[in-house]
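Okay, let's get going. Have a look at the fold on the screen, and I'll talk you through it.

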Amino acid sequence: MKSEFDPRSLFSISYGLYIASSYSGDRLNGQIVNTVFQVTASPPRISVCINKENLTHDFISESGVFGVSVLDETAPMTLIGTFGFRSGRDANKFENVGYKAGTTGAPLVTEHVLSVLEAKVVDAMSVGTHTIFVGDLLSGEVLATGSALTYDYYHKHLKGKTPKNAPSYIESESKQEKIEPEKGANR
Ligand SMILES: Cc1cc2nc3c(=O)[nH]c(=O)nc-3n(C[C@H](O)[C@H](O)[C@H](O)COP(=O)(O)O)c2cc1C
């Protein structure tokens with residue numbers, strides 16, 4: 001059966017933006033993700049999809065836990081640049097950001113964040129380049145009120161791009177790297 005695929009058909013899928021985090025020994029790390037969602041209500045479970053090349057992937061696999069910090073619309077592009085376009089293999093991303101240690105030991109970002117969650121991995125599915133981690137919620141806390149940062153807002157208002165390791169990466173966007181967040185319109 002011949003099918004046609006227009007990549008633009010994926011653009012209208014909505015997502016939020018989050019920092020998924022974990023740890024290894026005394027090392028902390030986290031990365032931007034758009035792939036957090038609640039899987040079930042009873043028990044309360046969430047999932048996240050992480051590229052196998054990312055340091056965060058190694059840390060979640062090793063520790064068996066992950067944190068999620070739900071970003072709000074005030075999140076500056078410098079924060080997104082640090083967590084979404086750099087690897088923790090090259091820098092300590094938590095050096096210049098407000099955070100606290102969760103009950104699992106995962107670092108939870110407390111700036112420009114509406115709520116923080118922690119989960120214990122109960123299942124992991126390899127989906128080729130990425131792994132979908134499913135976790136039972138261990139904690140959840142509301143930190144602020146405001147508007148959640150959506151993927152749509154990130155693209156339309158912050159003019160943000162999506163790097164190669166994100167599941168929603170579109171190859172034709174890669175030519176626009178010159179306006180990646182670090183060099184682009186900081187707010
Ligand atoms: C808007 C946006 C969405 C992203 N979504 C994901 C995602 O859902 N999964 C993923 O593995 N990487 C995603 N990324 C890419 C990672 O954040 C990026 O590869 C990061 O540098 C990995 O860092 P680490 O090696 O320290 O773990 C996204 C990046 C951006 C900017």
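I'll start with the sheet, then the helices, then the core.

Quick housekeeping: this is a predicted model, local features need pLDDT of at least 70, side-chain atom pairs count only at pLDDT 80 or more, and totals for chains, interfaces and linings use all residues. Residues are numbered from 1 along each chain as its sequence is written.

Seven strands make an open sheet, ordered 2-1-5-8-9-4-3, with antiparallel pairing. Strands here are DSSP E runs of at least two residues, helices are H or I runs of at least four, both numbered from the N terminus, and two strands pair if DSSP finds at least two bridges between them. At the edges sit strand 2 and strand 3 (37-40), each pairing on one side only. Strand 3 pairs with strand 4 over three bridges, and there Gln 38 has Ile 46 as its bridge partner in strand 4.

Now, what sits at the centre of the largest nonpolar core, in terms of most contacts inside it? Tyr 18, Ala 20, Val 48, Phe 66, Val 68 and Leu 71, out of 37 residues. Strand 5 gives the largest share, five residues. By core I mean buried Ala, Val, Leu, Ile, Met, Phe, Trp, Tyr and Cys joined through C-beta atoms within 7 Å; buried means 20 or more other C-beta atoms within 10 Å of the residue's own, with C-beta atoms placed from the backbone.And the helices, which I jumped over: helix 2 lies across strand 1 and strand 2.

How values were computed. A residue is buried if 20 or more other C-beta atoms lie within 10 Å of its own, exposed if 12 or fewer, and partly exposed in between; C-beta atoms are placed from the backbone. Two residues are in contact if their C-beta atoms, placed from the backbone, lie within 7 Å. Axes are lines fitted to C-alpha atoms, for helices over the stretch in contact, and angles run from 0 to 180 degrees between N-to-C directions.
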